[in-house]
Amino acid sequence: MANDNPSMENAKAKRSFLSRLTYNLPAKLICVIFSLLLWIYVTDVQNPNYEITLTDVPVTLVGTEDVEIDSGLVVYSGYDETVDVTLRGRKNLLSGITTDDLAVTADVTSLTETGDFSLPVKITPPEDSEVISVSSDMVTVSLDKKSSIEVDVRVQYSGLSLESTSTTTYSLGEAVLSVSSITVTGPSRYLSDISYGQVTLPDLGRVSGSLTVYGTISLIDSDGAVVSNPYVSMSQTEVSVTIPVYAEKYVSLTVDTQYGYFNEDNSIITIEPETVHVKGDVATVDGLETIVVTTLDEKTITDDTTLSVALTVPDGVDNLDGVEFVSVSVEMVNTATRTFIVSNSLITAENPNSVTYEISSGYTTLTLCGSTQEIYSMKLSDITLMIDLSAYTTQEVTSVVSITVVVNGYDSVYELGSYSVSVNINPAVTPDTDAATEADE
């Protein structure tokens with residue numbers, strides 16, 4: 001009786017196919033893997049007919065230094081030559097090869113003259129491979145005499161702006177390069193095109209003082225174009241550029257006093273001119289508020305006085321006015337002078353070494369100066385004369401010692417001139433004649 005159920009028939013058929021497919025499965029898998037390995041071995045190891053083409057392989061020139069040393073020649077073409085090379089060999093060897101693994105050379109050692117020459121290209125392929133073809137088996141090189149020239153170096157910059165104030169004007173000085181010229185070396189035919197070297201600086205922005213920047217030198221031809229030539233070299237390619245920034249302003253002139261006795265109550269000091277126009281480095285000029293033209297010694301000025309003083313400005317500063325001498329006038333006001341005669345016996349001594357001393361007898365005549373009211377109010381007892389013997393020890397000597405004048409209670413009164421007195425230090429003892437006679441009796 002026939003089976004009337006088609007679905008059951010289909011199920012049986014599927015089971016029969018799967019059973020045949022999975023029958024002895026491990027053996028079938030081993031066969032597949034073995035076949036795959038055999039295919040890989042044959043194609044990658046045993047097949048010597050695999051080919052690869054390397055494009056743009058650079059040609060290395062051999063012997064350029066020897067030619068330069070022996071003949072004074074330089075090669076100025078042929079450095080950028082390339083060739084395409086087709087290699088044959090095992091796939092596993094060639095599949096990872098690059099242009100760096102292939103040696104392509106041309107030997108210039110035998111060349112001894114200037115001119116253009118064709119040289120054979122030598123190709124050294126990787127081991128177990130062979131060269132099938134090369135796009136060119138010759139390369140052209142050119143040689144010329146090696147020469148050197150000196151060219152000036154210039155600088156070009158832009159985009160620089162200066163600080164400014166109400167009292168000070170700022171300006172740029174001429175840029176100073178670390179080298180003024182360089183040596184350019186290369187084939188003679190190329191050197192004639194070079195006019196100078198130029199350093200072009202980037203925009204420098206806003207500056208408030210001198211600055212130093214670094215730049216790269218470019219070679220410039222007679223048309224102002226940059227010379228880009230791989231066969232030309234420079235003795236140096238980088239330089240430092242110092243751009244000075246100067247400040248200008250008017251600076252007041254003034255005077256100092258040695259002892260501080262002059263003030264607005266007893267003197268009027270006039271300086272002509274009152275100011276001077278100066279220029280210099282920003283840091284120096286910005287910090288310069290006054291210039292002291294001289295230091296007045298009050299003890300030597302006894303009356304109204306006018307002095308002519310040479311004007312000296314600080315180092316690094318220029319006197320733009322060209323003023324060489326300054327007139328300094330001193331007018332004494334509300335002052336008077338008075339003379340006192342002081343006995344030398346009233347001189348006191350600072351004597352830290354306890355030396356024996358004798359001050360010469362006599363008197364010291366002093367001239368004092370001060371406000372009219374104080375100078376006529378003081379008395380002789382207000383004056384103290386002192387000497388300093390701290391420099392003397394046991395040596396017997398006669399010395400002239402400076403006198404220090406002290407006016408007690410009158411700060412504005414001071415002595416005019418200087419004073420001294422003769423002092424006998426550690427004098428020899430003179431025997432007493434009477435005592436010696438009594439001893440003899």
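Three strands make up an open sheet here, in the order E27-E30-E32 and with mixed pairing. Strands are DSSP runs of E with at least two residues, numbered from the N terminus, and two of them pair if DSSP finds at least two bridges between them. This is a predicted model, where local features need pLDDT of at least 70, side-chain atom pairs count only at pLDDT 80 or more, and totals for chains, interfaces and linings use all residues. Residues are numbered from 1 along each chain as its sequence is written, and side-chain values use heavy atoms, leaving out hydrogens and water.

- Strand E27 (348-350) and strand E32 (404-407) sit at the edges, each pairing on one side only.
- E27 runs parallel to strand E30 (residues 383-388), with three bridges between them.
- Glu350 has Asp388 in E30 as its bridge partner.

**Aromatic pairs**
- Five aromatic pairs turn up across the whole structure; rings of Phe, Tyr and Trp (its six-membered ring) pair with centres within 6.5 Å, and planes under 30 degrees apart count as stacked, over 60 as edge-to-face and the rest as tilted.
- Tyr259 and Tyr261 are stacked, at 5.9 Å centre to centre and 25° between the planes.
- Tyr261 also stacks with Tyr414, with ring centres 4.3 Å apart and planes at 5°.
- Tyr76, Tyr190 and Tyr231 form one aromatic cluster.

**Charges over rings**
- Lys299 lies over the face of Tyr259, 4.3 Å from the ring centre (the cut-offs: NZ of Lys or CZ of Arg within 6 Å of the ring centre and within 35 degrees of the ring normal).
- Arg154 does likewise over Tyr196, at 3.8 Å from the ring centre.

Notes: Helices (H or I, at least four residues) and strands (E, at least two) are DSSP runs, numbered from the N terminus.
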